[in-house]
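Please consult it alongside the sequence and the coordinates.

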Amino acid sequence: MKKSTIWTIVAVVIIAIGGGVFYATTNSNQVDASYNSAMQQGKDAVADKNYSKASSAFDKALGIKKTAQAKAYKSQADNMLSAISATKDGKYDDALTNVNNVVTANNGYATLTKQGRKLKTTIKDVQDNYENEIKPIFDNAKQAEDGKQYLQAIDQYQKVLDLPYINGQYYAKYKKQAKKGVDKNKKLADENDNGAGALTRSYRSSSNSNSAKQNQDTGNAGKTGEGAVGDHKVHGKTVTNNQISQLRKRVTKLGYDGMSFSPQDLIDLYRKSGRSKPSKITKSDVADYLKP
């Protein structure tokens with residue numbers, strides 16, 4: 001075989017090998033680019049707290065390259081979705097399990113982990129609000145219904161609707177339940193008492209007036225006298241709506257009807273107790289405040 005032929009064959013082989021390497025390199029770069037793009041789309045969705053979109057993007061990335069990172073990110077997004085859904089359904093133990101999976105995920109996305117910690121705090125707050133404020137009111141409403149005390153039941157359901165946080169996304173279930181309770185008991189009151197219709201209308205007017213007072217920043221009724229402007233400061237700072245909610249829950253947890261305390265009552269109790277936080281108030285503090 002001529003030398004020229006040999007060198008021609010060698011050249012062809014070298015070109016073929018080089019072309020293969022070039023193709024493999026180019027293909028690998030394209031895969032990496034597609035993977036990185038999908039991962040970035042997922043991260044952008046996380047920043048917007050669109051966990052459904054994030055899950056889809058991370059799943060796409062996982063289909064391109066099966067990495068531990070993409071798998072962990074998708075799992076975190078899915079668990080955030082499950083935690084949010086469970087919280088809305090009032091399944092708090094399930095919600096906390098889901099969000100714990102977000103926080104403790106190996107190879108997890110730091111932003112999702114941070115958002116998971118915040119959601120965990122929110123879930124605990126919602127659970128606390130339900131167990132120590134909403135549920136006791138619903139229990140009172142049911143008791144009134146069973147005793148055919150329909151106007152009292154309306155009053156209890158209205159208390160739920162007057163709660164400062166009831167319009168939040170995680171309370172929609174309870175808001176709907178309270179509205180149904182009000183409508184149901186108004187109908188029962190009208191059907192079971194000839195004078196109930198007029199009484200219900202009178203109650204509605206009174207309830208709306210009271211709700212307007214309750215929705216003020218701190219209220220102006222209570223121990224300071226009806227219609228008087230009370231002192232809204234404790235430890236030199238104005239008591240916030242959030243603190244008033246904490247005080248009401250604390251009073252309820254201690255065995256009292258927290259909803260019977262006006263905002264000003266709660267502020268005055270807080271001040272008289274001398275405690276640094278609403279959570280520090282004791283049963284004896286409430287008893288001392290209620291003494292004539």
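The expected span of a helix is 1.5 Å times one less than its number of residues. The model discussed here is predicted. Its secondary structure consists of 11 helices and two strands.

**Overall architecture**
- Along the sequence, the elements of the protein are arranged as α-α-α-α-α-α-α-α-β-β-α-α-α.
- The protein has 292 residues, of which 37% count as buried.
- Among contacts with a separation of 6 or more, 61% join residues 24 or more positions apart.

**Helix α2**
- Helix α2 covers residues 51-64, which makes 14 residues.
- From first to last C-alpha, helix α2 reaches 20 Å, close to the 20 Å expected at 1.5 Å a residue.
- The buried residues of α2 are Y51, A54, S55, A57, F58, A61 and L62.
- Viewed down the axis of α2, these buried residues fall within an arc of 165 degrees, so they line one face of the helix.
- Exposed residues K53 and G63 are carried on the face of α2 turned away from its buried side.

**Position K118**
- K118 lies in helix α5, which comprises residues 110-146.
- With the cut-off for exposed set at over 50% relative accessible area, K118 counts as exposed because its value is 53%.
- K118 and V103 are separated by 15 residues in sequence and by 9.9 Å in space, C-alpha to C-alpha.

Terms used: Residues numbered from 1 in each chain as written. Predicted model: local features only at pLDDT ≥ 70, side-chain atom pairs only at ≥ 80, totals over all residues. Heavy atoms only, no water. Helix = DSSP H or I, 4+ residues; strand = E, 2+ residues; numbered from the N terminus. Buried < 20%, exposed > 50% of the residue type's maximum accessible area, 1.4 Å probe, protein only. Contact = heavy atoms within 4.5 Å. Arc of directions from axis to C-beta.
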